[in-house]
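User: I would like to learn how to read the features of a model like this one. Please start with the charged pairs.

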Amino acid sequence: VMLIDDNRKRLEAAATVLMAATMMLFVTYGLVWEYHYTMVFPVVAVLLMRERQTIADGIICALGLIVWLPSLFILVNAGDATSQFVQTLIRVDRVVPAALIFCILVGKLAAEFAAQGVPGILRGAFKTNAFPSED
């Protein structure tokens, strides 16, 4: 992120990295409790506050809405919740949207670096303020 030349794009990329790191919990941890999904709130809030909305931002907000809806557990009787299929069904409405949000955020980062290009990244790597110009 620090290798991006444009300051505004660098800040957006840093915010995207932070959001992706937050969502990474749902991809990497084996045990995630229901209250952990409140971490989706700040991700969607930051995306809604951006000046420039993209289609990916809209998809993330829609997936966040799916996470905030009541769980599919309300459709299951308490006695039926022991089968593996039912347990998978009542988790899918949280895990899949959270994993998709993570993938979209990583894709946005990859697109930003691809747009920057290798020469731009290398130019940013050697940029220094040790000897400011006299412009």
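Analyst: In this predicted model, Asp 57 and Lys 108 are both buried, where buried means under 20% relative accessible area, exposed over 50%, and partly exposed in between (1.4 Å probe, protein chains only). Residues are numbered from 1 along each chain as its sequence is written, and side-chain values use heavy atoms, with hydrogens and water left out. Because the model is predicted, local features need pLDDT of at least 70 and side-chain atom pairs count only at pLDDT 80 or more, while totals for chains, interfaces and linings use all residues.

User: What does Asp 57 form with Lys 108?

Analyst: Side chains of opposite charge can pair when their charged atoms come close. Here Asp 57 and Lys 108 form a salt bridge, with 2.5 Å between the closest N and O atoms; the term requires a side-chain nitrogen of Lys or Arg within 4 Å of a carboxyl oxygen of Asp or Glu. The pair links distant parts of the chain, since Asp 57 belongs to helix H3 and Lys 108 to helix H4 (residues 84-125), 51 residues apart. Helices (H or I, at least four residues) and strands (E, at least two) are DSSP runs, numbered from the N terminus.

User: How many salt bridges does the structure hold?

Analyst: There are two salt bridges in the structure. Besides the Asp 57 pair, the side chains of Asp 93 and Arg 94 meet in one, at 3.5 Å from N to O. Asp 93 and Arg 94 are both buried as well.

User: How many helices and strands does the protein have?

Analyst: The count is four helices and zero strands, and the order of elements from the N terminus is α-α-α-α. Of its 135 residues, 30% count as buried. Among contacts with a separation of 6 or more, 64% are between residues 24 or more positions apart; contact means heavy atoms within 4.5 Å.

User: How do I read the packing of two helices, and at what angle do the axes of H2 and H3 cross?

Analyst: Two packed helices are described by the angle between their axes and the distance between the axes. For H2 (residues 40-49) and H3 (residues 55-68), the axes come within 10 Å and cross at roughly 150 degrees. The axes are lines fitted to C-alpha atoms, for helices over the stretch in contact, and angles run from 0 to 180 degrees between N-to-C directions. H2 and H3 are therefore roughly antiparallel; angles under 35 degrees count as roughly parallel, over 145 as roughly antiparallel, 65 to 115 as roughly perpendicular and the rest as oblique. The crossing of H2 past H3 is left-handed, meaning that the near helix is turned anticlockwise from the far one by less than a right angle; clockwise would be right-handed.

User: Which residues of H2 and H3 meet?

Analyst: On the H2 side they are Val 40, Phe 41, Val 43, Val 44, Leu 47 and Leu 48, and on the H3 side Asp 57, Ile 60, Cys 61, Gly 64, Val 67 and Trp 68. This contact divides into 10 nonpolar residues, one polar and one charged. Ala, Val, Leu, Ile, Met, Phe, Trp, Tyr, Cys and Pro count as nonpolar, Asp, Glu, Lys and Arg as charged, and the others, Gly among them, as polar.

User: How do H1 and H2 cross, left-handed or right-handed?

Analyst: H1 passes H2 in a left-handed crossing. Their axes come within 10 Å at a crossing angle of roughly 150 degrees, so H1 and H2 are roughly antiparallel to each other. From H1, Met 19, Thr 22, Met 23 and Phe 26 meet Val 40, Val 43, Val 46 and Leu 47 of H2. Seven of the residues in this contact are nonpolar, one is polar and none is charged.

User: Take a single position. Is Leu 105 buried or exposed?

Analyst: Leu 105 counts as buried because its relative accessibility is 0%. Leu 105 sits in helix H4. Leaving aside neighbours within four places in sequence, its contacts are Thr 16, Met 19, Ala 20, Met 23, Val 43 and Ile 60.

User: And where does Thr 16 lie?

Analyst: Thr 16 is in helix H1 (residues 7-28), and counts as buried at 4% relative accessibility. With neighbours within four places in sequence left aside, Thr 16 is in contact with Arg 50, Leu 105, Lys 108 and Leu 109.
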